[in-house]
Amino acid sequence: MDNFLYVIMVGLPARGKSTLAWKLYESLKRDGVKVKIFNNGYLRRKLNKENTSYPEFFNPANKQSAALRERYALLNLQRAKKFIQQHFMKNRVAILDATNVSLERRKRIMSFLGYENLLFIECINNDQEIIEENIRLKARIPEFSHLSQEQSIYSLKKRINYYETIYTPLENERNFIKVDTFNYKILNYKVDNGLPFSERIRDFLVTPFINNLYLLRHTQSFFNLEDRLGGDAQLTSKGIQDAHRIAQYFAKKRLPLIFTSTLKRTVQMAKIIQQYQNNCSIISFDDFNEINAGIVEGMSYEEISKKMPEIDQARKHNKYYYVYPNGEGYVSMENRIERGIKKVIYLSKHIDNILIIGHRAVNRMILSYFVYKRQEDIPYIYIPIDGYYHIKINQNKKLFELKKFKF
């Protein structure tokens, strides 16, 4: 049977199209499918020696640049069609990675490739916070190296504005899937029965893909030394020393991004690890801040048992559902931890290694997101200071392992 498919990505910039395309490429390749990505932006940068990063290049009213962009789009269509035809009688998929937001562009695609064996995937993300963070990351790519960070961000936002003026969502195309790329959720599904690879792709779209996630707890802080809850303490001298050892341990792994809470002890540790890396950025989210202990924040467990025994006993009775007065509990952390995890997956794109430096309760919640645990058991998940969890997830495998540091 001759199985082939053209996957046409659709969506505004910074909505996760290229990330989704690369992860789909990796997924299909693992299944033995012959697959290749045809990215219009890459072709534009390769063939055009002039600077095309300035926003007016993407102005629909700029006839000269519009003609250039259509030329590159047609060239990629020709390459994709040749790829499919060259590998006859093999399972094969050509992924066309571009905005493709105008109805006119999509009509030209269908006219050139035919209407069958064609699947449009529209990437949607309306979360403004995550879009802004993604734009900040995209502003660091080599295309904008001649610009300041502020100029790069302005250029990208202006480019997006131009694309918005010609954006027509998928509606009448024969086969399409609309997906919320932040929540990996299918919003609309209209696909013919028997379309090659469609069921596998549908499963892929709702699976969080992680190549390698390393989940660490920060090293010793002054509050750890005094057995105190919460707070914003810095690392002790031992904590700093251990952080350097951990940094050396991970030095051979490329870590483009390190995610932390906004608290000093995780950021301090991340900056130490960053010293041993090249081109490593730190992104801090308050979603990953330690559980807020409310009126007992900063107190030791011994002080709580003596001065507020009712809190000590109530929490022991039902640790997961207990919420500190004026604070949080495990149960009330669920939404923010889940949001933090989705931010990490979305922003880490298709990089090989992700590092999260968190806190004991936070890391328990992160682990429970990936590994099923009864809620009453989550507060007792083992989170060591001298080890880390390694997590790897794709459609075919889930790996979770606790590893000790070897100093």
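A: The second largest pocket is lined by 27 residues, and those that lie nearest its centre are R228, L229, Y301, R315 and R360. The model is predicted, so to speak of local features requires pLDDT of at least 70 and side-chain atom pairs count only at pLDDT 80 or more, while totals for chains, interfaces and linings use all residues. Residues are numbered from 1 along each chain as its sequence is written, and side-chain values use heavy atoms, without hydrogens and water.

A pocket, on a 1 Å grid over the protein atoms alone, is an open set of points with protein on both sides within 12 Å along at least five of seven lines, whereas a cavity is a set where a 1.4 Å probe fits but cannot get out; lining residues have an atom within 4 Å of a point. The volume of the second largest pocket is about 530 Å³, this being the space filled by probe spheres on points joined across faces, edges and corners.

The elements that give two or more residues to the lining of this second largest pocket are α8 (222-225), α11 (301-307), α12 (309-317) and α14, where helices (H or I, at least four residues) and strands (E, at least two) are DSSP runs numbered from the N terminus. Of these elements, α12 gives the most, with 4 residues.

On the α13 side, Y330, M333, E334, I337, E338, I341, K342 and I345 meet A361, V362, R364, M365, I366, Y369 and F370 in α14, contact being heavy atoms within 4.5 Å. By class, this contact has 11 nonpolar, no polar and 4 charged residues.

The largest pocket has a volume of about 1600 Å³, and of the 49 residues that line this pocket, S18, N39, R45, K138 and I141 are the closest to its centre. The elements that give two or more residues to its lining are α1, β2 (34-39), α2 (40-47), α3, α5 and α6, and α2 gives the most, with 7 residues. By class, the lining of the largest pocket has 20 nonpolar, 13 polar and 16 charged residues.

The largest cavity has a volume of about 220 Å³ and is lined by 18 residues, of which T19, L20, K23, T181 and Y184 lie nearest its centre. Two or more residues of that lining come from each of α1 (17-30), α7 (198-205) and α13, and by class the lining has 10 nonpolar, 5 polar and 3 charged residues. The second largest cavity, with a volume of about 50 Å³, is lined by I8, N40, A73, L77, L96, A98, N100, R105 and I109.

Definitions and conventions: Nonpolar A, V, L, I, M, F, W, Y, C, P; charged D, E, K, R; others polar.
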